[in-house]
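The structure comes next, and the text follows it.

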Amino acid sequence: MAYDKAYKVLAKQEGISNSKAKELIDKGLVRAMGKKVMIARGEIPTDTKFTVKEIDQIKMIFQDDDILALDKPAFMTSDEVAKKYPNYLMLNRLDKETSGVMLFAKNEEFQKKAISEFKANRVYKEYVAIVDGKVIDEIEIDKPILTTRDRGQAKSKVDSKKGKPAKSTVYPMFVEGNKSKVKVVIDTGRTHQIRVHLNYAGLPIIGDAIYGKPASNINRVLLHSKRTKIFNYDFEAKEPREFKVYDFN
């Protein structure tokens with residue numbers, strides 16, 4: 001059987017350039033043999049059949065003279081979203097595969113006030129996640145998180161000695177078999193906080209190939225920033241269709 005690098009096989013199958021194929025794999029949009037293709041330069045059979053997911057459009061939730069609220073799709077980085085709104089100032093970040101409410105200030109005065117709210121933990125941040133495990137009671141996870149970077153890639157873990165304070169409160173929503181849909185409210189905003197905290201609590205997020213539990217029928221982290229409240233604003237982003245894969249009744 002013949003083998004070649006995954007991005008080259010994908011490029012030939014899709015009729016696209018090698019660089020475009022590598023970009024699609026790096027974004028986490030490519031699956032083969034029931035799994036996400038993780039390494040673009042990894043060797044793979046040349047007759048491999050791929051499926052490529054399209055990225056949803058950015059949706060505008062609200063805007064006025066001070067603030068712009070967007071619904072960020074999965075597979076788009078916060079920096080990629082920011083590039084589409086070069087005249088505005090980013091207020092919060094979401095992981096690449098996390099969808100939902102993302103905020104921008106339209107002027108420096110509002111940006112300064114908003115940043116003060118975030119630093120003082122006065123911003124309400126509510127997420128929805130689907131996890132492996134049964135959640136029937138409220139769970140408070142108050143564990144410090146340490147983030148390190150290797151070649152630009154961030155990795156976080158619970159570290160009681162060197163970590164920064166981080167608190168997540170998990171509320172049960174629905175249970176189906178051994179999977180649960182939960183609401184997570186965070187008081188802080190550490191890198192990968194919810195993913196790390198839930199995994200630490202024995203409740204890995206479905207679709208999370210780094211901290212959680214990969215699934216053959218899911219190609220993204222099932223984590224969504226559903227609601228954010230700051231000052232008198234209250235923004236909400238509808239749950240994406242991927243969250244309807246599991247039949248919660």
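## Serine 78 and its surroundings

Leaving aside residues up to four places away in sequence, serine 78 touches Met90, Arg93, Leu94 and Met102, where a contact means heavy atoms within 4.5 Å. Serine 78 belongs to helix α3 (residues 78-84). Helices (H or I, at least four residues) and strands (E, at least two) are DSSP runs, numbered from the N terminus. With a relative accessible area of 3%, serine 78 is buried. Buried means under 20% relative accessible area, exposed means over 50%, and partly exposed lies in between, using a 1.4 Å probe and protein chains only.

## Basis of the values

This is a predicted model, in which local features need pLDDT of at least 70 and side-chain atom pairs count only at pLDDT 80 or more, while totals for chains, interfaces and linings use all residues. Residues are numbered from 1 along each chain as its sequence is written, and side-chain values use heavy atoms, with hydrogens and water left out.

## Overall form

The chain has 5 helices and 17 strands. Its radius of gyration is 19 Å, close to the 18 Å that the globule rule gives for 249 residues, so the chain is as compact as a globular protein of that length. The radius is taken over C-alpha atoms, and the globule rule is 2.2 Å times the number of residues to the power 0.38. Along the principal axes, the C-alpha atoms fill a box of roughly 60 × 45 × 40 Å.

Of the 249 residues, 47% count as buried. Among contacts in the chain with a separation of 6 or more, 59% are between residues 24 or more positions apart.

An open sheet of 3 strands has the order β3-β2-β5, with antiparallel pairing. Two strands pair if DSSP finds at least two bridges between them. β3 (35-36) and β5 (50-52) stand at the edges with a single partner strand each, so one side of each has no neighbour in the sheet. Helix α1 (residues 6-14) packs on this sheet and touches β2 and β5, and its direction makes about 75 degrees with that of β5. For this angle, axes are lines fitted to C-alpha atoms, for helices over the stretch in contact, and angles run from 0 to 180 degrees between N-to-C directions. Strand β2 (residues 30-32) pairs with β3 over 2 bridges, and arginine 31 has lysine 36 in β3 as its bridge partner.

In helix α2 (residues 18-26), the buried residues are Ala21, Leu24 and Ile25. Seen down the axis of α2, they fall within an arc of 100 degrees, so they line one face of the helix; the arc is that of the directions from the helix axis to the C-beta atoms. These buried residues pack against α1, β2 and β5. Glycine 28 follows α2 and has a positive phi, near 85 degrees.

## Strand β16 and its partners

In β16, 6 of the 8 residues are buried, so the strand is largely enclosed by the rest of the structure. β9 runs parallel to β16 and is joined to it by 2 bridges, with glycine 100 opposite serine 225 in β16. Strand β10 (residues 124-132) runs antiparallel to β16, with 6 bridges between them. Here tyrosine 127 stands opposite serine 225.

β17 is also joined to β16, by 4 bridges in the antiparallel sense, and threonine 228 stands opposite phenylalanine 235 in β17. The hairpin of β16 and β17 has 2 residues between the strands, and phenylalanine 231 in it takes a positive phi near 55 degrees.

## Salt bridges

A salt bridge is a side-chain nitrogen of Lys or Arg within 4 Å of a carboxyl oxygen of Asp or Glu, and the count by this rule is 17. Arginine 195 forms one with aspartate 95, the closest N and O atoms being 3.0 Å apart. This pair links distant parts of the chain, 100 residues apart: arginine 195 is in helix α5 (residues 193-200), and aspartate 95 is in the loop between β8 (89-90) and β9 (99-105). Arginine 195 is buried at 7% relative accessibility, whereas aspartate 95 is partly exposed at 21%.

Arginine 195 also forms a salt bridge with aspartate 208, at 2.8 Å between the closest N and O atoms. Aspartate 208 lies in the loop between α5 and β16 (223-230), so the pair ties together parts that are 13 residues apart in sequence. Both arginine 195 and aspartate 208 are buried. Elsewhere, salt bridges with shared partners join Lys53, Arg220 and Glu242 into one network.
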